[in-house]
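Work through the exercises below with the model open beside you, and try each task before you read its solution.

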2 protein chains.
Amino acid sequence: MPTIGQYLIDRLRSHGVRHVFGVPGDYVLGFYELLDHSDLKIINTCDEQGAGFAADAYARINGLGAVCVTYCVGGLKLANTTAEAFAEKSPVVVISGAPGINERAKNPLLHHKVRDFDTQFKVFEHLTVASTVLKDRETAFQEIDRVLHAALRYKRPVYIELPRDMVHENGRADYNPVEIQEASDLQALREALQEAVTMMNQARRPVLIAGIELHRFNLQKELMELIEKTNIPVAATLLSKSVISELHPNYMGIYEGAMCREEVRQYVESSDCLILLGAFMSDVDLGIFTARIDPQRSIAVTSEKTSIRFHNYEEIYLKDFIRGLIQSGIHRREWAAIPHPEPPGPDFIPKPAEKITIRRLFERLNAFLDDHDVVIADPGDAMFAGADLVIHRHTEFLAPAYYTSMGFAVPASLGVQLANSKLRPLVLVGDGAFQMTGMELATVARFNGNPIVIILNNRGYGTERPMQDGSFNDIQPWQYSSIPELFGYGKGYRVKTEGDLEFALCKAREYTEGFCVLDVQLDPQDCSPALKRLTEALGKKIQASKKL
Amino acid sequence: MPTIGQYLIDRLRSHGVRHVFGVPGDYVLGFYELLDHSDLKIINTCDEQGAGFAADAYARINGLGAVCVTYCVGGLKLANTTAEAFAEKSPVVVISGAPGINERAKNPLLHHKVRDFDTQFKVFEHLTVASTVLKDRETAFQEIDRVLHAALRYKRPVYIELPRDMVHENGRADYNPVEIQEASDLQALREALQEAVTMMNQARRPVLIAGIELHRFNLQKELMELIEKTNIPVAATLLSKSVISELHPNYMGIYEGAMCREEVRQYVESSDCLILLGAFMSDVDLGIFTARIDPQRSIAVTSEKTSIRFHNYEEIYLKDFIRGLIQSGIHRREWAAIPHPEPPGPDFIPKPAEKITIRRLFERLNAFLDDHDVVIADPGDAMFAGADLVIHRHTEFLAPAYYTSMGFAVPASLGVQLANSKLRPLVLVGDGAFQMTGMELATVARFNGNPIVIILNNRGYGTERPMQDGSFNDIQPWQYSSIPELFGYGKGYRVKTEGDLEFALCKAREYTEGFCVLDVQLDPQDCSPALKRLTEALGKKIQASKKL
């Protein structure tokens with residue numbers, strides 16, 4: 001019979017987790033020792049924040065991720081990364097050590113305690129979809145299974161607190177995990193499908209919006225089947241970018257209201273039947289509310305809700321709905337010319353002496369990308385200009401496009417490579433974001449990662465300058481290309497011209513033994529058309545708030 | 001009549017705040033613009049975590065500090081630093097931007113939102129002593145004053161959320177701030193004082209423990225008066241170290257149960273009347289519960305509670321109690337020889353070729369310290385060995401000795417120098433902690449700080465190795481002395497021998513235009529006697545938890 005600590009490890013393992021990110025501390029050292037002797041590999045990062053972002057990225061690729069830290073001084077550093085996982089549906093298991101139950105009598109002031117012993121638990125209740133403190137050996141196994149099930153069911157983070165005197169306690173000898181079966185309400189499903197199919201068949205120009213949940217719930221194959229059967233054109237959202245190969249003939253591009261390419265906008269908004277699958281439409285996806293999506297002509301199904309026109313159905317699973325669509329009699333039809341992303345330019349011709357610009361950088365990167373690259377973009381122009389990159393295969397564009405927390409990309413590259421060692425990350429990150437978490441390249445070095453890190457160095461917060469400028473948007477200039485000397489690993493390049501870029505990218509493609517950092521020095525006022533459109537819309541919100 | 005944003009700025013200013021730490025973001029840009037045009041100086045850090053630690057240190061020195069960030073992606077990065085401020089009684093005002101009230105109708109998925117619009121507020125309710133969302137112009141001014149009063153009254157962090165469409169709204173024209181007067185219950189105070197004075201006069205060997213609240217509530221002058229009047233010997237706690245000059249003839253040293261110097265332990269524990277003033281005794285202060293403090297012979301007064309032997313009084317202010325003691329008839333007596341800290345050795349003679357050790361490093365630093373240095377120690381041997389340094393003046397030792405969050409010291413040095421530009425920080429930080437927040441030296445560079453940063457480089461988590469070792473205690477080796485090249489600022493030194501140390505310290509004393517980083521390369525197994533005692537005690541807790 002396993003101990004509680006061992007059972008937790010076994011269950012993580014059986015759900016496919018192979019790496020645990022974190023930073024050790026005395027309240028969790030006993031559990032770290034168990035981890036260290038298990039099949040799970042501990043990836044200790046520079047800071048807990050880095051572990052949180054890495055675990056989130058790992059969970060997105062792997063289907064489940066885990067981060068393990070000490071009480072409060074470790075756990076509370078994960079509040080933001082856990083919030084990100086919640087907002088963007090990434091199933092991360094947050095495991096925190098804690099003072100032993102037997103140490104808590106008379107409420108002593110143990111180090112790391114904030115207010116009460118359950119303060120951290122209470123904080124995480126707001127940031128997770130299920131949470132537990134394993135303080136009772138009678139229920140510990142059941143609690144572990146309940147919480148892990150919730151992570152997988154809702155694709156959202158969960159919280160498990162493990163008081164240190166419970167790690168080596170035995171759970172219930174007679175415990176048998178119950179496989180929880182959840183199914184759609186069949187009658188509701190039938191009615192909804194019937195209605196949807198009728199709408200789709202009657203429509204002159206149906207359009208699919210493929211949302212992020214298709215990726216999270218592993219429904220990309222079903223999406224392909226549906227498209228192949230019906231031939232309906234499909235758009236993605238910024239968050240779900242690359243949920244379908246961007247070279248697929250039915251793929252039109254990203255839809256993002258007035259922020260996206262005009263032809264995509266026109267095609268989507270003039271559709272008389274919009275089928276949103278697993279898409280939760282944020283203000284960014286809606287182009288800061290410039291989108292014109294008419295509910296009267298929409299079918300919207302997510303893991304949480306099914307809406308057709310103005311009415312809702314309960315208890316319909318996304319998977320069942322999509323499978324239902326595939327099996328139903330949707331007519332396959334041919335459609336007039338649909339928009340397509342611009343194909344990657346094989347004919348990019350560098351002008352070696354020209355100063356590098358955002359536009360030319362991304363044109364070059366578009367030609368540079370190959371089948372084993374995964375693009376990881378930090379919020380800012382890294383993400384918005386990055387949206388125009390053409391992604392070849394499934395799910396190779398990773399960005400916190402809804403929660404938009406800066407500092408995600410560098411630690412995420414660590415998580416991505418550990419989840420799938422065949423992928424080489426192309427990290428796109430602003431200089432401001434790099435200063436937040438870039439030191440996790442030390443962890444990348446420690447575990448032999450080889451991302452290509454493109455720092456969009458415009459000497460400050462380029463997303464904010466167009467909205468409201470001030471010296472608070474400036475940051476200290478770093479010699480980013482000297483980072484390899486600091487960590488004793490990798491290569492660094494300073495890129496001022498197109499010739500520099502050409503040289504650095506060639507070197508980076510050749511050099512696979514470590515990371516490459518490209519310090520791409522841009523004009524502080526330079527930005528992509530996509531970012532320009534976005535910051536104009538966001539800037540209006542700020543100006544509007546002043547006039548009230 | 002000021003706007004709500006302007007009123008907040010005015011009130012911060014009138015409570016002595018001159019700097020606001022933070023990172024901008026779109027929901028807070030309107031308020032940043034106001035700040036930028038005010039007397040308050042914005043100090044934007046690399047990461048919000050750095051801003052939080054800096055604001056905490058600033059608050060400890062200045063009496064009030066402020067950090068201002070954007071919604072969730074900024075605010076939630078402050079959960080840990082705010083918890084630290086709560087645990088160690090540091091009055092930090094956390095100001096967060098937020099979506100406008102008028103943007104929240106129909107609950108849209110605005111970027112940065114986690115679960116509900118009030119998720120961040122709910123998180124901070126657990127981490128602060130008062131919190132508010134300024135969503136009503138009728139009450140906004142009053143709310144600002146209520147919350148700031150709580151920060152000053154309890155010396156703990158508070159939370160103010162400012163929806164962006166409220167920044168430029170007017171508050172109530174007829175609002176008059178009410179000066180809140182709080183006073184001790186005079187009858188309770190009289191009885192408690194009478195009882196305390198009787199105990200103290202009857203005692204053969206009374207001893208004072210001067211706690212951190214004497215610093216936080218600005219009662220150090222009162223402490224000096226009390227000591228001068230009564231001649232009672234005094235000890236400090238690790239958290240309150242330097243609350244009294246360590247060269248004062250009545251000062252014995254740090255009391256910390258079995259962890260402290262034996263002679264201090266004996267003197268304190270054999271006292272027949274222990275007067276604990278403003279001391280909240282944590283597990284570290286109690287030497288991991290090796291302390292033998294007999295409540296039967298104790299008087300313990302804090303801002304929260306007054307206890308004499310086994311009974312408690314309510315509504316007695318610490319300040320009133322100490323002033324009462326000064327004015328009451330406590331006999332001044334002479335005492336037998338009391339312990340004293342070892343004086344700083346002026347006769348430290350370096351052995352240039354000897355490999356540097358923790359013991360010799362701290363002996364040397366003890367002689368190095370001068371009157372304008374402030375020691376800032378990160379948890380670990382930086383703090384525990386640092387405890388033996390002799391601090392010359394008031395409050396020049398700053399360490400998170402109770403909450404013990406790693407990564408405090410480097411950003412704290414930024415806060416300290418801005419709060420008091422006459423102080424030069426000597427930062428003691430482990431290599432593990434440095435990897436968490438050391439990049440904030442870039443912010444130090446941007447705002448022209450000149451700390452001397454001593455990195456205790458033992459290639460990993462030295463506090464944990466003796467408790468439970470594993471590869472998770474190893475970290476990537478950095479070339480710390482090359483950091484000046486990365487930031488284009490400061491000087492770096494590699495220290496392997498006593499000769500290297502001598503050279504680097506001399507250079508650091510001369511060079512005041514920027515920071516100096518000393519990479520002090522220690523044996524990974526080397527640690528101070530203080531840390532050895534502590535990790536043995538902590539290690540026993542871990543072993544005990546395994547046997548349960």
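This is a predicted model: local features need pLDDT of at least 70, side-chain atom pairs count only at pLDDT 80 or more; totals for chains, interfaces and linings use all residues.

Residues are numbered from 1 along each chain as its sequence is written, while chains are lettered from A and ligands numbered from 1 in the order in which they are written.

**Exercise 1. The sheet of chain B**

Task: find the order of the six strands in the open sheet of chain B, and say how they pair.

Solution. Begin with the elements themselves: helices (H or I, at least four residues) and strands (E, at least two) are DSSP runs, numbered from the N terminus. Two strands pair if DSSP finds at least two bridges between them. With these rules the order in chain B is 15-14-16-17-19-18, and the pairing is parallel. Next, look at the edges, where strand 15 (397–398) and strand 18 (491–495) of chain B each have a single partner strand, so that one side of each is left without a neighbour in the sheet. Strand 18 of chain B is joined in the parallel sense to strand 19 (residues 516–521) of chain B by five bridges, and B:Arg494 has B:Asp519 in strand 19 of chain B as its bridge partner.

Angles run from 0 to 180 degrees between N-to-C directions, and axes are lines fitted to C-alpha atoms, for helices over the stretch in contact. Helix 14 (residues 409–419) of chain B packs on the sheet and makes about 170° with strand 16 (424–430) of chain B. Helix 18 (residues 498–510) of chain B also packs on the sheet, touching strand 17, strand 18 and strand 19 of chain B.

**Exercise 2. Two helix pairs**

Task: describe how helix 3 (residues 48–62) and helix 14 (residues 409–419) of chain A pack, and how the axes of helix 1 (residues 4–14) and helix 6 (residues 140–154) of chain B cross.

Solution. In chain A, the axes of helix 3 and helix 14 are 7 Å apart, at an angle of about 40°. Angles under 35 degrees count as roughly parallel, over 145 as roughly antiparallel, 65 to 115 as roughly perpendicular and the rest as oblique, which makes helix 3 of chain A oblique to helix 14 of chain A. Among the residues that meet are A:Phe53 and A:Tyr58 in helix 3 of chain A, and A:Leu414 and A:Val416 in helix 14 of chain A.

In chain B, the axes of helix 1 and helix 6 come within 10 Å and cross at roughly 25°, and these two helices are therefore roughly parallel to each other. The residues making this contact include B:Tyr7 and B:Leu8 of helix 1 of chain B and B:Phe141 of helix 6 of chain B.

**Exercise 3. Two chains**

Solution. Superposing by least squares on the C-alpha atoms of residues with pLDDT of at least 70 in both copies, one finds a turn of 180° and a shift of 0.0 Å, with an RMSD of 0.0 Å. That is the relation of a two-fold axis. Of the residues of chain B, B:Val123 comes closest to the rotation axis, at 2.6 Å (C-alpha). Turning to the contact, 80 residues of chain B touch 80 residues of chain A, and 100% of the contact residues of chain B recur in chain A.

Key. Two residues are in contact if their C-beta atoms, placed from the backbone, lie within 7 Å.
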